[in-house]
Amino acid sequence: MLQTDSRGPNEFRTGHDMPAVATTGTADPSALEVRSELRFQSCLWCGTAAYRRSFCRACGSTAFKLERSTGAGALVRRIGPSPLNTWFVAMDEGFTLVCQIARTEPAVAGVGARVRVVRAVAPREQGLPLVELTYRATPLERWW
């Protein structure tokens, strides 16, 4: 007969080789700060960079480590209506993410323009990362 363990998913046996992870968090939502650093995942098996994925798109592994991004990238493609100023951004580390451009009119931003991250994560993990233009692409430098 099949016997199942009555322990919950977070209870470990003594001598279990997986360390218990302590999570610390603030219960007060007003205490949350806006983080300006962008973190991405790097696959432990093949080294492929990804942003908020559950498995590696190259090898299928679910083992990731978090790394800090430089926050620099280039605009690839506009998505959505122009008043929202939402773009796909190819980051220098090799992953892409959806961002909104801050402090810039939609007509000014063009494909190939260099950007840097201003706000990586909004409070309570809501909203898109914000980027701002650092270098406007000339028509000859744009990606077509």
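Start with the open sheet of 3 strands, which has the order 2-1-3 and antiparallel pairing. Strands here are DSSP runs of E at least two residues long, numbered from the N terminus, and two strands pair if DSSP finds at least two bridges between them. This is a predicted model, in which local features need pLDDT of at least 70 and side-chain atom pairs count only at pLDDT 80 or more, while totals for chains, interfaces and linings use all residues. Residues are numbered from 1 along each chain as its sequence is written, and side-chain values use heavy atoms, with hydrogens and water left out.

Select 49-50 and 64-68: these are strand 2 and strand 3, the edge strands, each pairing on one side only. Show serine 42 and, opposite it in strand 2, alanine 49.

Next, colour the cysteines. How many disulfides are there? With a disulfide taken as a pair of cysteine sulfur atoms within 2.5 Å, the count is 0. Select cysteine 56: its nearest cysteine sulfur belongs to cysteine 46 and lies 3.5 Å away, and cysteine 56 is in no disulfide. Cysteine 56 is buried, at 2% relative accessible area. Move to cysteine 59, whose sulfur is 3.6 Å from the closest cysteine sulfur, in cysteine 43, and therefore too far for a bond. Cysteine 59 is partly exposed, at 41%. The classes are buried under 20% relative accessible area, exposed over 50% and partly exposed in between, with a 1.4 Å probe and protein chains only.

Then go to the largest nonpolar core, a set of 19 residues. A nonpolar core joins buried Ala, Val, Leu, Ile, Met, Phe, Trp, Tyr and Cys residues through side-chain atoms within 4.5 Å. Select Leu38, Leu75, Met91, Phe95 and Leu97, which touch the most other members. Strand 5 (86-91), strand 6 (96-101) and strand 7 (114-119) each give two or more residues to this core. Centre on leucine 97: neighbours within four places in sequence aside, it is in contact (heavy atoms within 4.5 Å) with Leu38, Tyr51, Trp87, Phe88, Val89, Met91 and Pro129.

Last, show the closed barrel of 5 strands, which runs 4-5-6-8-7 with mixed pairing. End at glycine 73, opposite methionine 91 in strand 5.

Notes:
Helix = DSSP H or I, 4+ residues; strand = E, 2+ residues; numbered from the N terminus.
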